[in-house]
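Hi,

Here is the structure I promised to pass on.

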Amino acid sequence: MSAEPSLPGVPRPLSDIAGSDVVDGDGGTSPTAKPAPVSPAPEDVRIEIRDLNAYYGDFQALHSLSIQIPRNKVTAFIGPSGCGKSTLLRWINRMNDLVPTAHATGTLRMGDLDILSPATDVVSLRRQIGIVFQKPNPFSKSIYDNVAFGPRLHMRLSKSELDELVQWSLEKAAVWEEVKDRLHKPALGLSGGQQQRLCIARAIAVGPEVLLMDEPCSALDPSSTLAIEDLMDELRDQYTIVIVTHNMQQASRCSDKTAFFFEGKLIEFGETEQVFTLPKSRQTEDYVRGRFG
Ligand SMILES: Nc1ncnc2c1ncn2[C@@H]1O[C@H](COP(=O)(O)OP(=O)(O)OP(=O)(O)O)[C@@H](O)[C@H]1O
C-alpha cells in the first residue's frame, strides 16, 4: 500500500483540562455556578458544549449541560439508562435532526463550526463527526461498497486510490484479514462483531476528526469486544473518540476521561482513573460502585 490517506490532527498534549469537575445541577462548575464565559475553547478541546438544553417535545432530556471534549483522547459517557447519553451524542453530529420532536438550545462547537446552527451543512458535519451505533447497521451491499460508499460521495479518487482506502480502513478497523478474500460478498453475511468493525471502517474511511460510539460492543461477544477496545486504543492518537457505555470495566479500561450523567445533568467529569477510584460526587461513587443503575 502507498501512503495512508491524510488524517486530521497531530496529537496535542492536554494542559488545562486535566482533573475533575463536579458539576452542579444547573450545569455550572462548583463552587461558582456562574454562566460559562464566552471565550474561545483551548486548542486541545475538540468539542465545546456550553449550556446545552435538549428536548423531545415538552420533555427536557438535557439540562444546561457544559462539557469540553478533549482532542485525540477517548472520552466515556456513563450513567444510568435514560440519563441522556445518547441524546448528547446524537446532538454532537445532529442525528437528532431526524427526530421531528427534538430541539436544542445552547452552544455546541467544533472549532469555529457552530454545530447547532441551521446553516451548518449536516452532510459535511457527519463526515467530520462519524457515528457508530449499538447495533451494527451495514448497508445491504458488498463489504467493499460499504466502505467505499462515503469516499465515493465525498472524494474524487481513482479506482486504485479507492482500493487502497478501503484496505486501509478495514485494516485500521481490525477486520481486513477476515474479509480480504470476500470483499465483494454481502456485508450482511458477516458475524455481528465483524459487521460492527466494518461499520467502524465505513465511519473512518471518510477521515472524520471525531468518532462517536454509542454502546458499540453491547451486542458483541467478548473477543469481538476486545477487538473493538484494541481498535479504540490504536485510533486514540489520531481521532477524538466518545464512547457511550454501560460497561464500567470497559470505560475504565478504554477511556482517558469519563463523564457521569444523571437525569439529564452532567454530575462529574474528570480523568477516568480519578472518576473511578476517587469520585468527587457521591452519586458518581454510587454508580461506579454498582449501587444503582
Ligand atoms: N425519540 C425520542 N422521543 C422522545 N423521548 C426520547 C427520545 N429519545 C430519547 N428520549 C427520552 O430522553 C431521555 C434520554 O434518553 P437517552 O436515550 O438519551 O438516554 P441514555 O442515557 O442514552 O439511555 P440508555 O443508556 O438506555 O441508552 C429518556 O427519558 C428517553 O426516554
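Which helix and strand each supply at least two residues of the shell around the ligand? They are β3 (59-70) and α1 (85-92), where helices (H or I, at least four residues) and strands (E, at least two) are DSSP runs numbered from the N terminus.

Before the rest, two housekeeping points. Residues are numbered from 1 along each chain as its sequence is written. This is a predicted model, so local features need pLDDT of at least 70 and side-chain atom pairs count only at pLDDT 80 or more, while totals for chains, interfaces and linings use all residues.

Back to the ligand. There are 13 residues around it, and Tyr-56, Ser-81, Lys-85, Ser-86 and Thr-87 come nearest (a residue is near a molecule or strand if its C-beta atom, placed from the backbone, lies within 6 Å of it). α1 gives the most to this shell, with three residues. By type, the shell has five nonpolar, seven polar and one charged; here Ala, Val, Leu, Ile, Met, Phe, Trp, Tyr, Cys and Pro count as nonpolar, Asp, Glu, Lys and Arg as charged, and the others, Gly among them, as polar.

Now the helix packing. Helix α3 (residues 143-154) and α6 pack at about 30°, their axes 7 Å apart (axes are lines fitted to C-alpha atoms, for helices over the stretch in contact, and angles run from 0 to 180 degrees between N-to-C directions). α3 and α6 are therefore roughly parallel to each other, the term for angles under 35 degrees. Their contact is made by Ile-143, Asn-146, Val-147, Phe-149 and Gly-150 of α3 and Leu-198, Ala-201 and Arg-202 of α6, contact being C-beta atoms, placed from the backbone, within 7 Å. Those residues divide into five nonpolar, two polar and one charged.

On to α6 (residues 192-204) and α7 (residues 222-235): the axes come within 9 Å and cross at roughly 20°. That pair is therefore roughly parallel too. Gly-193, Gln-196, Arg-197 and Ile-200 of α6 meet Ser-224, Ala-227, Ile-228 and Leu-231 of α7, a set with four nonpolar, three polar and one charged.

Finally, the span of residues 47-288 is 38% helix and 27% strand, with its end C-alpha atoms 25 Å apart.

Cheers

Terms used:
Parallel < 35°, antiparallel > 145°, perpendicular 65-115°, else oblique. Contact = placed C-beta atoms within 7 Å.
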